[in-house]
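Below are my notes on the model, as numbered points. Please read them with the structure open.

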Amino acid sequence: MCFRPPSASKPKKCPNCDALNPPIAKNCVKCKSALTEEKKEK
Ligand SMILES: [Zn+2]
């Protein structure tokens with residue numbers, strides 16, 4: 001639990017369709033919705 005690889009994190013869950021996307025995905029592979037888990041853009 002202490003180790004946290006920078007490139008391999010948890011899969012992102014699409015807020016739109018609940019599909020699981022790879023952590024590197026910026027857009028949902030299913031519905032192409034933007035995966036904005038963190039509030040980076042405003
Ligand atoms: Zn989706």
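1. Cys28 is buried, with a relative accessible area of 1%; buried means under 20% relative accessible area, exposed over 50%, and partly exposed in between, with a 1.4 Å probe and protein chains only. Cys14 is likewise buried, at a relative accessible area of 1%.

2. On the source: this is a predicted model, in which local features need pLDDT of at least 70 and side-chain atom pairs count only at pLDDT 80 or more, while totals for chains, interfaces and linings use all residues. Residues are numbered from 1 along each chain as its sequence is written, and side-chain values use heavy atoms, with hydrogens and water left out.

3. Which residues coordinate the zinc ion? The donors are Cys14 (SG), Cys17 (SG), Cys28 (SG) and Cys31 (SG), at 2.2 to 2.3 Å. Donors here are N, O and S atoms within 2.8 Å of the metal (3.2 Å for Na, K and Ca); water is not among the atoms, so sites may look incomplete. Along the chain the donors of the zinc ion are spaced C-x2-C-x10-C-x2-C.

4. Cys17 lies in the loop between β1 (12-13) and β2, and Cys31 in the segment after β2; this pair links distant parts of the chain, 14 residues apart. Cys17 is partly exposed, with a relative accessible area of 29%, and Cys31 is partly exposed at 30%.

5. The site of the zinc ion is tetrahedral, with angles of 107 to 116° among its four donor atoms. Four donors count as tetrahedral if all angles lie between 85 and 135 degrees. For four tetrahedral donors the ideal angle at a metal is 109.5 degrees.

6. A search of the whole structure for disulfides finds zero; the criterion is a pair of cysteine sulfur atoms within 2.5 Å.

7. Asn21 sits in strand β2 (residues 20-21) and is buried, with a relative accessible area of 1%. Its side chain reaches the backbone nitrogen of Val29 at 2.6 Å. Leaving aside residues up to four places away in sequence, Asn21 touches several residues, including Cys14, Cys28 and Leu35; contact means heavy atoms within 4.5 Å.

8. For the chain as a whole, the secondary structure comes to zero helices and two strands, where helices (H or I, at least four residues) and strands (E, at least two) are DSSP runs numbered from the N terminus. Buried residues make up 17% of the 42 residues. Of the contacts with a separation of 6 or more, 4% are between residues 24 or more positions apart.

Methods. Polar contact = N/O pair within 3.5 Å; in protein donor to acceptor, adjacent residues only side chain to side chain. Tetrahedral: all angles 85-135°; square planar, octahedral: opposite > 155°, others 65-115°.
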